[in-house]
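Please keep the viewer open while you read.

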Amino acid sequence: MVFGFFRRRRAAKAAAAEAAAAENRAETTTGTGAGSSAEPSGTGSGTATATAVEPAEDAGSTAVAAEPVTVPEPRRDTPEPAAAEPVAESEPATTPVAEPAPEPVDPAPVAEREPVVEAMPEAEPAAPIAPVGETAPAPAEDPAPVAEREPVVEAMPEAEPAAPIAPVEETTPAPEPAGSTPVAEPGPAAEPAPAPAGDPAPAGAATAEPGPAISLEKVRAAGGAGLAKMYKSAGVSLEKAGLAGQRAAVYLVLDRSGSMRQYYKDGTVQHLAEQALALSANLDDDGVVPVVFFSTEVDGVAELSLDNHKGRIQELHDSYGHMGRTNYHLAMQAVVDHYTESGATDPAFVIFQTDGAPTSRTAAKQALCTAAKLPLFWQFVGFGGSADSNQFDFLRKLDTLAVPKARVVDNAGFFHAGDDPMAMTDNRLYKQLTAEFPQWLTAAREAGVIR
């Protein structure tokens, strides 16, 4: 910039010199001989020219000021010195031009504004921050709010553990003020939840626990495949009768009168005893069936079990000796005594087998009506004869005794197994055995016989 200024200055001087020379040449060629007057005018013009040139040199900071120096042209029209005054007036024009000379300072602010452009992205997070010189502190302000947000994030996890409020539940029971006391009261209210579980318990007395009393595996292991087959048939019949899960002690009463001799010899009584044992495995978890042998008297009381049942009936029968008459009431009393002494709480299901009417019908009727007050159900099974034979008329009458005139509840049932009871299938036998037992259970509960 400085060198350009001097070059323009030299150019202006040269132009001024040439202009002065041209004027001199013009004056010499046009002058008439008034040499004395020409010199002052030449001197004046030269002085004016010099005066005009020097300010032009001061104003040489711009190329525009050098070109107006060709003012001699107006001077050709008016060679008077007055033309130099306009040149002098140009000095103030050049003076304001010289004032922009400080404008070189502008590049410095321009350079300072460029960082401002870089600071703008940094200032975006903090929009209100204005000072350009404080762009460095601006990032320092950004981390400050970020640091404030981090505590907020940490506070959130602290609120999450507070959500369970496990300690609050512990503190609520501890302070016994009014606020916590009602909260503690709903706690015991949860105890009614077991109460519904308790409701099935009485119903359980009605239908007891689900499933058979003894598992099939145990029956098969202890009693063998034949007994396991009967056990499954008994379970199906119980389920169809609505007795699945029912609990009851099973008794077996066997007639040893003289007319029963053939049924013991051919294994019919033994077969019935095994069927009773398989039924008991579904109803009673002890796996034992008490057996009462009767004729004129009670010949004997024994037990039949899963692991001791094969040939057991014939063995016991042979041990009792003489076969007598048929007295129901003595056998029935033996069952009542055994059940009472056992302390059992479940009802008893008594399979009472006989081949004819009792010797003392009045005693048998009285024994049945008295036993109606106990949780004992008597299922009579008739061996021999025909279905319409009159030998079982008494048993049919027992099954139809009036309630409650003669007895509290109908506590007896009867079915005829035919002249060849072994020909009856297991399914049919269990269906007949369980035909009236469910009705008695319902009636006995309603009458308070079963508690």
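**Confidence and overall make-up**

Please bear in mind that this is a predicted model. Its mean pLDDT is 72, and 57% of the residues reach 70 or more. Over residues 31-208 the pLDDT is below 50, and beyond near neighbours in sequence this stretch has 69 contacts in the model. Where pLDDT is low, the predicted coordinates should not be read in detail.

The chain has 451 residues, and 37% of them are buried. Its secondary structure comes to 23 helices and 6 strands. If you take the contacts between residues at least 6 apart in sequence, 76% of them join residues at least 24 apart. The accessible surface of the chain is about 25,100 Å², with 59% of that belonging to carbon and sulfur atoms.

An open sheet of 6 strands is arranged in the order 3-2-1-4-5-6, and its pairing is mixed. At its edges lie strand 3 (298-305) and strand 6 (412-418), each of which pairs on one side only. On average, neighbouring strands of this sheet are turned by 20° against each other, direction ignored. Helix 18 (residues 312-319) packs on the sheet, where it touches strand 1, strand 2 (288-294) and strand 3; the direction of helix 18 makes about 160° with that of strand 3.

| Strand pair | Residues | Direction | Bridges |
|---|---|---|---|
| strand 1 and strand 4 | 249-255 and 348-354 | parallel | 5 bridges |
| strand 4 and strand 5 | strand 5: 376-383 | parallel | 7 bridges |

Some residue partners can be picked out in the viewer. V250 stands opposite F349 in strand 4, and L252 has I351 of strand 4 as its bridge partner. Towards strand 5, A348 stands opposite L376.

How many residues of strand 4 are buried? The count is 7 of the 7, so strand 4 is largely enclosed by the rest of the structure. A348, V350, F352 and T354 point one way from strand 4, while F349, I351 and Q353 point the other way, and all are buried.

**The nonpolar cores**

The largest nonpolar core holds 52 residues, and L254, L279, I351 and L433 touch the most other members. Helix 17 (residues 268-283) gives the most to this core, with 9 residues. A second, separate core of 30 residues includes A249, F294, Y339 and L376.

Not counting residues up to four places away in sequence, L433 touches L279, F349, I351, Q379, V381 and F415.

**Two local details**

S237 has its place in helix 15 (residues 225-240). Is S237 buried or exposed? Its relative accessible area is 10%, which is under the 20% limit, so S237 counts as buried. Leaving aside its neighbours within four places in sequence, S237 is in contact with N427, Y430, K431 and T434.

The other detail concerns the backbone. The peptide bond from V403 to P404 is cis, with omega near 5°. P404 is found in the loop between helix 21 (393-399) and strand 6.

Technical notes. Residues numbered from 1 in each chain as written. Predicted model: local features only at pLDDT ≥ 70, side-chain atom pairs only at ≥ 80, totals over all residues. Heavy atoms only, no water. pLDDT = per-residue confidence, 0-100. Contact = heavy atoms within 4.5 Å. Core = buried A, V, L, I, M, F, W, Y, C linked by side-chain atoms within 4.5 Å. Buried < 20%, exposed > 50% of the residue type's maximum accessible area, 1.4 Å probe, protein only. Helix = DSSP H or I, 4+ residues; strand = E, 2+ residues; numbered from the N terminus. Pairing = 2+ DSSP bridges. Axes fitted to C-alpha atoms, helices over the stretch in contact; angles between N-to-C directions. Areas by Shrake-Rupley, 256 points an atom, 1.4 Å probe, with all protein chains shown as cover.
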